[in-house]
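Let's take a look at this one together.

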Amino acid sequence: MASLYFLHALGGSAREWDRVVAALSDDFDCIPLDLPGFGGSADAASDVTGLVDWFAAEVGRRQPQSWAVIGHSMGGKIATLAAARARGGDPSFAGLAAVVLLAASPPAPEPMAEDRRAKMIGWCAGGGIGTADAEAFIDANTAASLSGPDRAQAIADVERSGCAAWTAWLERGSREDWRSEAGIIALPALIVAGGEDGDLGVEAQRRLNLPHYRDARVEVVDGAAHLLPYERHAEVAALIRDHVAPAFARALPASFAALLASDRVSRRARAAMMDRHAAPDAAGTLSTAQRATLVALIETLLPGAVDAPDLARRIDASLAEGRGDGWRLADLPADALAWQWGLDTLEAQTLGFASASAARREEALRAIGEDSGEDGGGEALIERRHMRLWFAEARAEVARQWVALPATMARIGYDGFAVGGDDMPLPGYRLTAANTREPWQSPLGAPA
Amino acid sequence: MSGPKDPADVVIVGSGAGGAPLAARLAQAGLSVVVLEAGRAFSPLDHVPDELAADIYWMEERLSGGADPTAFGANNSGMGVGGSTLHWGAFCPRPDKRDLMLRSETGQGEDWPISHDELISYVDAVERFVGVSGPARYPWDADRRYELPAVARNAPAEAMARGCERLGITATDAPAALVSRDRVQPHWGRRHACINCGTCHQGCRTAAKASTDTTWLPLAVAHGAEVRAESRVIDIERDHAGRVTGVVYDRGGERLRQGCGALFLCAGGIETPRLLLNLGLANSSGQVGRNFMAHVATQVWGRFDAEMRMNRGYPSSLITEDMVRAENAGHAGGYLIQSLGVMPVTLAANLARGAGLWGAPLVAMINDYNRLGGIGINGECLPSEDNRLTLAEETDAFGLRKARINFSYGPNEQAIDLHARRTMTAIWEAAGARDILAVARSAHTIGTCRMGRDGDRAVVDADGRSFDIENLFVCDNSIFPSALAANPALTIMALSLRTADRFLASRG
């Protein structure tokens, strides 16, 4: 079962997720955490590094193979920076598949009026937060006043917040600038904003969190402010479920994920493979029609072996980026133009390649591949020759990007990336003869 | 030792097999040496065993034309301190005596202006310095000895040994420029014994494999040479007499100048002639860029009943030289056969491009990756008027025109390809492979600034010195008059040492 880690807001605790967890716990292993100094845990003045280290230890303790993080407010900054560390190949965060941010504090210094910050720091002047201040805090962060036990619980959590943790976040953690470390993260992210929230409302989310994710969606919860897990628990649970389910569905097989997370794999290798496993950049250079032809081409080149629209996005993204392989055929134009031309020509020659039957598509590609280019003449001959050249390039590129996917490596039982971590000595392979496997590999006879 | 001088006695452009040994030898002789390398510096643990993430290749675009366009990038072109030795396969057969005299033997190709005995004396010096693992007895050269025992054979090597034995073909453990046990490299440190990880082409993470950054360059630096990474030479300055006075290079967007008494271009068979053509230098013969050669590098693949997991182990752990001169061959020269372990991304792209595989057969083949094994050749390529590097109209990020390389197999390459397909298919059948297929492929970048005795037919003389510019030298695979069946790096390093000796001798 995939795991969900929940990181609460300033002054909250694991309990703020009770109703959200109740809605999700049948399908996921839900792990709501108390941040250091909150929810009755030992008080500690942590900076952001300390908080992310603490989270790494929490995740590392359980070593989930496929998991998502849901970060609320203060917890959102930790969630994003955990995802950034995962991108760098940090083994503690291996297997992270998706991120959900709720009214999240961004990697940038959190927007907050200085007089409010000073006032909130002042609540701890007497060594603890009093009931009146806690009530004011909860009421200021909800669109409509919470009722009954929810409000009481939220207020009680603020009151039991450790003053070292509370003050450290307001004075330091929320002010730390982690934008460059966060960079751009490939994992799919859902960014949720309360329609009535203040400093961390939808405008701030779009401006400060969205740019850090390559594959992100912003959802606004109308009529709610900052305490979304209390104010809209059912809606929040549904949003989380809808976001993480497809990410988990494409998670790598457990044994492969465990190997990827192991110390047989270097950080660089792990980072490269996790980045490639994530969704590609949305940028592209192909038209909608060309993209459809490309999807059909991939389906025909790799029948049943790959998510064709996903691979088409990857190829389009690499064309847009101009990331070549060190050479191109002299008779063809630059890669992006050659692909546009090739796809257009394929579509036209086949009188609709994208909509053709599988048999018709195969026939069309065979005709291109086997064209000896002897008969005919003039423009038509050149076009056929160029199509033959482009088709060879297209085949190779589709095959290359397909096999480079960690999912394909898992499919074929390839483990050549797991030959050494970051420190000497490196393990490599002890056995090289046919029909031998080492204990760390799956047993001989088992599916690869 | 004092810092680099300006002008330095010598500037070397390129830190690979051509530039690094001579940098070491010239520095040892007391000359001030500056090596300019376009790529960045790596330490072994920086390398990443992932075919797309590995960043040790020259990935700037080249245009490949002709009837048999050759692939560049990860196929044959390196970038980084260490040049192409960062990714080379370390497969290091020696150049065959007959190959150096191909024209005398067959009337085709070219003779080398250097004797085999002399070249081999330098090969021997290279082998002793970098450490080569190989068999105790080399069947085609009774006197040859290797310092270190052969590395472990992998599954394709065992299959090839089986197939060759059944056909009466002699095969043995391949000479490999990597250390099969720990070995201390002077001025660098401990090179750890090969761990059979199979990722030679993505960069060796234990330094078992000899690359110049863990062998020759530390020796050079210990003797005062300076290696400047990320320094791209874009211009060559000359005085009124036409002698080179220095180079202009780009480092992080900044244009810098380094003066020199002599300049050695060691940037490989593409970048060396591209620079000369862009600058219009050293080409009174009209030979710069001509006679581009790539080895015929056909592969044969098949499925085995056994689980091969061919990505394990040193990829080319078996060799036969029996086909260097096959009986009744019908072609000049010949070829070496090696066993092949190839990583999956490269294999898939080669099957799709070079074997025309797609659809269900491609998917089935890749699904069976762990049961595949291959063998491949490195075959002679004759110099040809038709195969040529020229400048494209398109320019690179530095304003220099890109290289366009036209390459087509001639009748001799086609005959070698055909012979090799037949031979390797027979070996693979005898080894028990099924679903056997061949992949068309060529490898290495050779020729384009060839050496010779006649300044009308060659760019440099036998010492690597330009016929046109007295203090300009070329030392890399571009000076090869013919391709040789042997893989080039060992010969390039030997030529590099020889070039250094000749240069020192000429200074008196």
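This is a predicted model: local features need pLDDT of at least 70, side-chain atom pairs count only at pLDDT 80 or more; totals for chains, interfaces and linings use all residues.

## Charges

Chain A carries 43 positive side chains and 61 negative ones.

## The whole chain

How big a box do the C-alpha atoms of chain A fill? Along the principal axes, that box is roughly 95 × 50 × 35 Å. Inside chain A you can pick out 19 helices and 7 strands.

Of the 448 residues in chain A, 55% are buried. Now for contacts in chain A with a separation of 6 or more: 77% of them join residues 24 or more positions apart.

## The sheet

Chain A has an open sheet of 6 strands, and reading across it gives β2-β1-β3-β4-β5-β6, with parallel pairing. Which strands stand at the edges? They're β2 (29-33) and β6 (213-221) of chain A; each has a single partner strand, so one side of each has no neighbour in the sheet. On average, neighbouring strands here are turned by 15° against each other, ignoring direction.

Zoom in on β5 (residues 185-194) of chain A: β5 pairs with β6(A) in the parallel sense over 8 bridges. For I185(A), the bridge partner in β6(A) is Y213(A).

## A helix across the strands

Now find helix α3 (residues 74-87) of chain A. This helix lies across β1 (3-7), β3 (67-72), β4 (96-102), β5 and β6 of chain A. Against β4(A), helix α3 runs at about 155°.

Terms used:
Residues are numbered from 1 along each chain as its sequence is written. Chains are lettered from A and ligands numbered from 1 in the order in which they are written. Side-chain values use heavy atoms; hydrogens and water are left out. Helices (H or I, at least four residues) and strands (E, at least two) are DSSP runs, numbered from the N terminus. Buried means under 20% relative accessible area, exposed over 50%, partly exposed in between (1.4 Å probe, protein chains only). Contact means heavy atoms within 4.5 Å. Lys and Arg count as positive and Asp and Glu as negative; His and the chain ends are not counted. The place of a charge is taken as NZ of Lys, CZ of Arg, CG of Asp or CD of Glu. Two strands pair if DSSP finds at least two bridges between them. Axes are lines fitted to C-alpha atoms, for helices over the stretch in contact, and angles run from 0 to 180 degrees between N-to-C directions.
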